[in-house]
Amino acid sequence: MSFSEKVLVLRTGRFKEHDLWVRFLSPTRGVQTGFAFGGCRSRRRFCGCLDSLNLVLFTIGYSSAKRYLTLQEGTLVSGFQELKNQRDKLGMAVNCLRFVQKICLEGDDSSRIYPLLLEVLEVMDKNPCIPVFFPLLFKARATFIHGYEPVLDRCDGCGCCTEDMKQGFFSIGDGRVFCPGCLRNSSSTLATGKESLLFLDRLRSTGPGEWLLWKPEPEVLHDCFRVMDAYFQYHLN
Ligand SMILES: [Zn+2]
């Protein structure tokens, strides 16, 4: 029994002279690992597609007793070559792939994170200039759609709009925002500028193509890095 799936290769490694393990993001079943026996030398079955950052249509089977996945053959769909040719973009893309491996586990529903990651890679591949904050936005959006969606546009206490606050307080544990009047426990919150909260909130309704056009102030970016870093540390470690 076998099936075919278009997957993104995240990492590969050799484990015997001619064999490879391949970690990949499936569109439906999270991050998976499969084994490509003879993968190092079979040009007929794999034709140069067993590298990270390749989108590959694999025919996938099961080992006896279904203990692991075996990659039977693959066809390269996209190699994101422009992206790979530029060192800074490649670094950003690798950063995004590592994050996906951290947040999305085997068997997780990846039906939202998969198209997001592909879209980010396509935008990076096609556009000559990618802003340095791109990976941050990808990581924030990936976190939000993968089970940790914060509510950033209003105070969790009184319901007033973030737009009307002078200053907000982001609660790291539950991803809620409090206005100064409703703040009860300041030890697990971060004082965060209203523009920064609204900037992150815009990620919910926008995609990577739009992020290219954004020109946030340095203070906003700094704030977002600080808040998201604390949020990742709390939820992903
Ligand atoms: Zn309030």
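**Note on the predicted model**

1. Lysine 66 sits in the loop between β4 and β5 (69-78). Its phi is near 55°, a positive value in a residue other than glycine. Lysine 66 counts as exposed, because it has 9 C-beta neighbours inside 10 Å and the limit for exposed is 12 or fewer. Keep in mind throughout that this is a predicted model.

2. Leucine 53 also deserves a look. Its phi is positive, about 65°, although leucine 53 is not a glycine. The residue belongs to the loop between α1 (43-46) and β4. Buried or exposed? Leucine 53 has 21 C-beta neighbours inside 10 Å, so it counts as buried; the threshold is 20 or more.

3. Now the overall picture. The protein chain holds eight helices and eight strands. Its C-alpha atoms fill a box of roughly 65 × 40 × 25 Å along the principal axes. Of the 237 residues in the protein chain, 34% are buried. Among contacts with a separation of 6 or more, 60% come from residues 24 or more positions apart.

4. Five strands form a closed barrel, in the order β1-β2-β3-β5-β4, and the pairing is mixed. From one strand to the next, the twist averages 50°. Helix α3 (residues 87-103) packs on this sheet. The strands it touches are β1, β2 (20-25) and β3 (31-36). The direction of α3 makes about 110° with that of β1.

5. Strand β1 (residues 2-14) pairs with both β2 and β4. What joins β1 to β4 (residues 55-62)? Seven bridges do, and the two strands run antiparallel. Leucine 8 has leucine 55 of β4 as its bridge partner. On the β2 side, six bridges make the pairing, again in the antiparallel sense. There, valine 9 is the bridge partner of phenylalanine 24 in β2. β1 and β2 form a hairpin, with five residues between them.

6. Helix α3 has 17 residues. It reaches 25 Å from its first C-alpha to its last, close to the 24 Å expected at 1.5 Å a residue. Which residues of α3 are buried? They are Lys89, Met92, Ala93, Leu97, Val100 and Ile103. Seen down the axis of α3, these buried residues fall within an arc of 140°, so they line one face of the helix. The face turned away from that buried side carries the exposed residues Arg87, Asp88 and Gly91. Note that the buried set includes a lysine, Lys89.

Technical notes
Residues are numbered from 1 along each chain as its sequence is written. This is a predicted model: local features need pLDDT of at least 70, side-chain atom pairs count only at pLDDT 80 or more; totals for chains, interfaces and linings use all residues. Two strands pair if DSSP finds at least two bridges between them. Helices (H or I, at least four residues) and strands (E, at least two) are DSSP runs, numbered from the N terminus. Axes are lines fitted to C-alpha atoms, for helices over the stretch in contact, and angles run from 0 to 180 degrees between N-to-C directions. Two residues are in contact if their C-beta atoms, placed from the backbone, lie within 7 Å. The expected span of a helix is 1.5 Å times one less than its number of residues. The arc is that of the directions from the helix axis to the C-beta atoms.
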